[in-house]
Amino acid sequence: MYIDGVFSGGGIKGFALVGACRAVEEKGFRFKRVAGTSAGSIIAALLAAGYTSREMEQLVDELNLKTFLDSRNTFLPTALAKWLFIYWRLGLYRGKEFEKWLEETLAAKGLRTFGDLQPESLRVIASDLTNGTMLILPDDLPKYGINPQTFSIAKAIRMSCSLPFFFEPVKIRDYQGKNIIVDGGVLSNFPMWLFDKENVKKVRPVLGVKLSHNLKEHPRHEIRNAINMFEALFETMKDAHDARYISRKHEKNIIFIPTEGVLSTEFQLTNEKKRELINWGQTCASNFFKRWGY
């Protein structure tokens, strides 16, 4: 049975999404259209390319996350260099290695540009800080004078995953000049509204997978210092738009995967912890399917 799928952002926590995909396959469901933000956009792209959960797990096993931390070379002391990179480059790491890995991984399945896909089969969210707008890729590319058919999927995913101040933002040009594009989670971390719209009959069931508690069980933020406040501020900013959209009606179609104890930027994650996240994602999804009635 075909369904449409939406995957939330969550950085390194996104390994749990692989486990959820394993449970989806075991139930006999297949994705027709997929969408996602940040880590969710990676999973969505891999599914669109034809990767199975087993193949994704193999990619995870082979993946050295530290290679994605591609800082620029400098003769300056480390602490000073980091501040300068954030100030001038707007991020600690370039993100080039991450994009290269995506290009090679998708190309292995014959997927390079959005022209290689069926229309609307893959959509991802990014944030255009220059214009203060949400960017739906590939739909909004013509606004920048860019042909979606020739645009790199890996570049689009790189945009969606550009966590502010961590990865350097992606810059694209239009007739007005340069535009700064960052993580889609800034504006919509869980774009279920792309497929599940009010007063519009769904073509097929829409399943969401969200890396968080459900709305009723979401823990309070404990704010004791400036770092806690920044974390709470960013999480609130990410979830506020989508929380207004998710009603009881939509909650019944969402797999919630709470992932406390794992940071979004924990690139030193051990293989054991990766496996725990994958298995936890599968467990949450399997429990969800016991009661899902489409």
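## Salt bridges

A salt bridge is here a side-chain nitrogen of Lys or Arg within 4 Å of a carboxyl oxygen of Asp or Glu. This is a predicted model, in which local features need pLDDT of at least 70 and side-chain atom pairs count only at pLDDT 80 or more, while totals for chains, interfaces and linings use all residues. Residues are numbered from 1 along each chain as its sequence is written, and side-chain values use heavy atoms, with hydrogens and water left out.

Searching the whole structure gives 11 salt bridges. One of them joins D4 to R33, with 2.7 Å between the closest N and O atoms. D4 belongs to strand β1 (residues 2–7) and R33 to strand β2 (residues 30–37), so this pair ties together parts that are 29 residues apart in sequence. Helices (H or I, at least four residues) and strands (E, at least two) are DSSP runs, numbered from the N terminus. D4 has 0% relative accessibility and therefore counts as buried; R33 is also buried, its relative accessible area being 16%.

## Links between helices

E57 and R275 form another salt bridge, in which the closest N and O atoms are 2.9 Å apart. E57 sits in helix α3 (residues 53–62) and R275 in helix α9 (residues 271–289), so the pair ties together parts that are 218 residues apart in sequence. E57 is buried at a relative accessible area of 11%, whereas R275 is partly exposed at 25%.

The side chains of K155 and E99 also meet in a salt bridge, at 3.2 Å from N to O. This pair links distant parts of the chain, K155 being in helix α6 (residues 153–160) and E99 in helix α5 (residues 96–107), 56 residues apart. K155 is partly exposed, with a relative accessible area of 24%, and E99 is buried, with 7%.

## S53 and the cysteines

S53 is a residue of helix α3 and counts as buried at 2% relative accessibility. Its C-alpha lies 9.4 Å from that of L17, although S53 and L17 are 36 residues apart in sequence. Leaving out residues up to four places away in sequence, S53 touches V18, C21, R22 and E25, where contact means heavy atoms within 4.5 Å.

C21 is buried, with a relative accessible area of 1%. C284 likewise counts as buried, at 11% relative accessibility. The count of disulfides is zero, a disulfide being a pair of cysteine sulfur atoms within 2.5 Å.

## The second largest pocket

The second largest pocket has a volume of about 450 Å³. Grid points are joined across faces, edges and corners, and a volume is the space filled by probe spheres set on the points.

The lining of the second largest pocket consists of 22 residues, with Y2, R30, F31, K32 and L47 nearest its centre. Elements that give two or more residues to this lining are α1 (15–26), β2 and α2 (39–49). β2 gives the most, with five residues. By class, the lining has 12 nonpolar, three polar and seven charged residues. Here Ala, Val, Leu, Ile, Met, Phe, Trp, Tyr, Cys and Pro count as nonpolar, Asp, Glu, Lys and Arg as charged, and the others, Gly among them, as polar.

## Backbone features in loops

The peptide bond from L137 to P138 is cis, with omega near 10 degrees. P138 is found in the loop between β5 (133–137) and α6.

Positive phi values occur at S38 and E120, neither of them a glycine. For S38, phi is near 55 degrees; S38 lies in the loop between β2 and α2 and counts as buried at 7% relative accessibility. For E120, phi is about 65 degrees. E120 is in the loop between α5 and β4 (122–128) and is partly exposed, with a relative accessible area of 44%.

Terms used
Buried < 20%, exposed > 50% of the residue type's maximum accessible area, 1.4 Å probe, protein only. 1 Å grid on protein atoms, 1.4 Å probe; cavity = no way out; pocket = protein on both sides within 12 Å on 5 of 7 lines; lining within 4 Å.
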